[in-house]
Amino acid sequence: MLKDITIGQYFPMNSVIHRLDPRFKIVITLIFIVMLFTGESFICLGISAVYTLIAVLLSRIKFKMFMKSIKPLMPFLLITAVLNLLFMGDGEVYFHWKFIKITSDGINVSVFMIIRIVLLIMGSSLLTYTTSPITLTDAVERLLSPLKRFKFPVHELAMMMSIALRFIPTLIEETDKIISAQKARGAEIDTGSITNRAKNMVSILIPLFISAFRRADELATAMECRCYNGGEGRTRLRQLKSKLRDYTALSVTILFFVCVILLNIFI
Amino acid sequence: MAVLKTEQLTYVYSQGTPFEKTAIDHVNLEINEGEIIGIMGHTGSGKSTLIQHFNGLLKATSGKIYLDGKDIWADKSEIRSVRFKVGLVFQYPEYQIFEETVYKDIAFGCKNMGLDEAEIKRRVIETAYDIGLPEEILEKSPFELSGGQKRLVAIAGVMAMNPRVLILDEPSASLDPAGRDRIFDCIKAYHKKTKNTILIVSHSMEDIARFADRILVMNNAGVFCFDETEKVFSRAEEISKIGLDVPQITKVFLELKKYGLDFGKKVYTVEYAKELILKNLRERGIVC
Ligand SMILES: Nc1ncnc2c1ncn2[C@@H]1O[C@H](COP(=O)(O)OP(=O)(O)O)[C@@H](O)[C@H]1O
Ligand SMILES: [Mg+2]
């Protein structure tokens with residue numbers, strides 16, 4: 001079911017990772033991503049993997065949940081890996097047939113890339129799994145607030161983001177309901193021929209768009225009724241305060257990052 | 001023989017995640033051909049989950065479900081034919097409408113059944129007539145209609161498939177009293193004409209009492225009671241305890257009984273109450 005999509009989902013718990021300041025978490029995640037892509041050898045990747053593993057364990061979120069977020073991207077992963085495997089030219093040749101060559105380089109690159117992307121997904125899932133969407137957008141707004149000076153609509157951007165995040169589960173639920181309703185009328189959605197399925201997509205998309213527009217309209221009215229007029233002069237219910245543990249987490253991340261850079265230089 | 005039967009039916013949402021929730025828990029039911037069953041229960045008691053099992057939209061976590069004595073999941077590829085035999089009208093069915101004309105939307109289910117054009121046309125026109133949609137509406141866009149009319153169109157779409165069991169999930173939710181009466185009248189007329197089995201989820205006790213043969217009361221994912229209408233409402237106090245209400249008129253009569261005025265019968269509808277009171281007065285020689 002669509003319900004099982006876990007990207008962008010939040011698991012309310014009370015681990016160390018959950019309690020970190022969301023601003024720090026975002027910055028840490030960014031450093032982590034850069035670290036993943038600067039690492040050029042398997043050792044660097046191993047360090048990133050260790051880092052990810054520690055964070056995952058600390059979050060106390062079941063490993064299965066991460067597998068779930070990787071699953072939908074599996075086909076994409078496999079296709080790129082196979083392409084790399086077949087067409088990377090250099091290194092020792094293991095197998096050769098017409099224009100297809102499997103080489104040691106090919107294998108290395110595909111494995112490297114798969115691990116890198118899996119770690120990327122795990123790390124970024126960890127951010128959304130452990131941070132509620134509201135705090136997340138709050139933090140984005142804070143982090144971007146220096147840009148306000150250049151007339152960049154930071155508040156509007158954050159508001160749009162939080163509304164979008166807020167409506168992902170709603171729309172997924174809605175889609176589920178519409179699919180069920182059309183299936184109840186005998187529509188073939190996950191069975192039958194491709195053309196039939198494509199035709200039946202219309203029966204899902206039209207009601208979905210109508211309801212999305214209706215919701216947007218209702219939300220706009222509701223916001224106006226509560227005198228919403230942008231970010232000017234708004235105060236916050238939740239104040240973000242950074243604590244010692246936030247700085248510790250940041251320092252540890254930077255330490256890992258420095259290790260990766262040093263290894264890159266010396267290996 | 002029972003047309004629908006469940007055995008230890010259990011369904012768990014999001015199994016294995018922190019959001020795990022048992023929505024129905026070991027439910028055993030038997031529903032006979034031609035019956036009208038009313039389904040009641042507080043919000044979240046598992047009514048919608050239960051009925052989505054009857055046409056195979058949800059597959060039970062454990063337990064079995066039989067249609068005409070045959071396990072509906074015996075052959076997975078046959079599940080679509082189950083959906084033609086057991087028609088399900090969702091809550092707020094007007095949100096499933098998508099075709100350009102009312103005619104096409106009502107015909108959608110029939111078309112999926114693979115009926116020929118002539119038969120589809122016959123069914124659509126007949127159903128629209130039965131349900132009281134004027135013929136000129138058929139060529140209009142469904143999005144021009146009022147909320148109540150849209151809902152009728154959506155219900156007609158399932159009725160036109162002529163399922164042996166018709167299930168409706170809160171068909172009268174958020175309609176005004178006139179719209180509500182209209183829907184219930186349509187369902188009643190449909191039952192009279194087709195003699196098909198009907199299951200109807202509703203919070204409107206008055207309506208359920210008026211035409212259900214038996215009432216299923218759900219509470220916390222389980223069956224609280226499943227019995228003839230009369231017997232269910234005679235347990236008014238227990239039912240109020242689980243957050244449901246018996247019809248107002250029944251409450252009045254239960255209260256009257258406390259004051260020693262016992263009519264000896266269970267009363268659920270205002271019409272019947274009127275009849276009973278008049279009869280009683282006549283017996284006492286008072287004419288009005
Ligand atoms: N798609 C879903 N995912 C997870 N939980 C659900 C879902 N649908 C319903 N539930 C939960 O299952 C329980 C039963 O819901 P439902 O069958 O809709 O009850 P009712 O129709 O009686 O109000 C509720 O507690 C509800 O929160
Ligand atoms: Mg419901």
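## A ligand site shared between two chains

Ligand 1 is surrounded by residues from chains A and B, so the site is shared between chains. The model is predicted, so local features need pLDDT of at least 70 and side-chain atom pairs count only at pLDDT 80 or more, while totals for chains, interfaces and linings use all residues. Residues are numbered from 1 along each chain as its sequence is written, chains are lettered from A and ligands numbered from 1 in the order in which they are written, and side-chain values use heavy atoms, with hydrogens and water left out.

### The ligand site

The shell around ligand 1 holds 12 residues, of which Lys21(B), Gly44(B), Lys47(B), Ser48(B) and Thr49(B) come nearest; a residue is near a molecule if one of its heavy atoms lies within 4 Å of it. By class, two of the shell residues are nonpolar, seven polar and three charged. Here Ala, Val, Leu, Ile, Met, Phe, Trp, Tyr, Cys and Pro count as nonpolar, Asp, Glu, Lys and Arg as charged, and the others, Gly among them, as polar.

Strand E2 (21–32) and helix H1 (47–54) of chain B each supply at least two residues of this shell. H1(B) gives the most, with three residues. Helices (H or I, at least four residues) and strands (E, at least two) are DSSP runs, numbered from the N terminus.

| Residue | Atom of the residue | Distance to an oxygen atom of ligand 1 |
|---|---|---|
| Ser45(B) | backbone N or O | 3.3 Å |
| Gly46(B) | polar backbone atom | 3.1 Å |
| Ser48(B) | side-chain N or O | 2.6 Å |

On its own, ligand 1 has 550 Å² of accessible area (Shrake-Rupley method, 1.4 Å probe). The protein covers 71% of that area.

### Chain B

Chain B is divided into domain 1 (2–246) and domain 2 (247–288), with bounds from an automatic or database domain assignment. The centres of these two domains, taken over C-alpha atoms, are 33 Å apart. In domain 1 of chain B, 11 residues are in contact (heavy atoms within 4.5 Å) with nine residues of domain 2 of chain B. About 860 Å² is buried between the two domains of chain B, and carbon and sulfur atoms give 68% of it. Buried area is the accessible area (1.4 Å probe) that two parts lose on being put together, summed over both. Of the area that domain 1 of chain B buries against domain 2 of chain B, Glu206(B), Glu230(B) and Val246(B) supply 44%, more than any other three residues.

### Chain A

Chain A has 10 helices and two strands. Domain 1 of chain A comprises 1–131 + 241–267, and domain 2 of chain A comprises 153–236.

Definitions and conventions:
A polar contact is a pair of N or O atoms within 3.5 Å; within protein, one must be able to donate a hydrogen and the other to accept it, and residues adjacent in sequence count only if both atoms are side-chain atoms.
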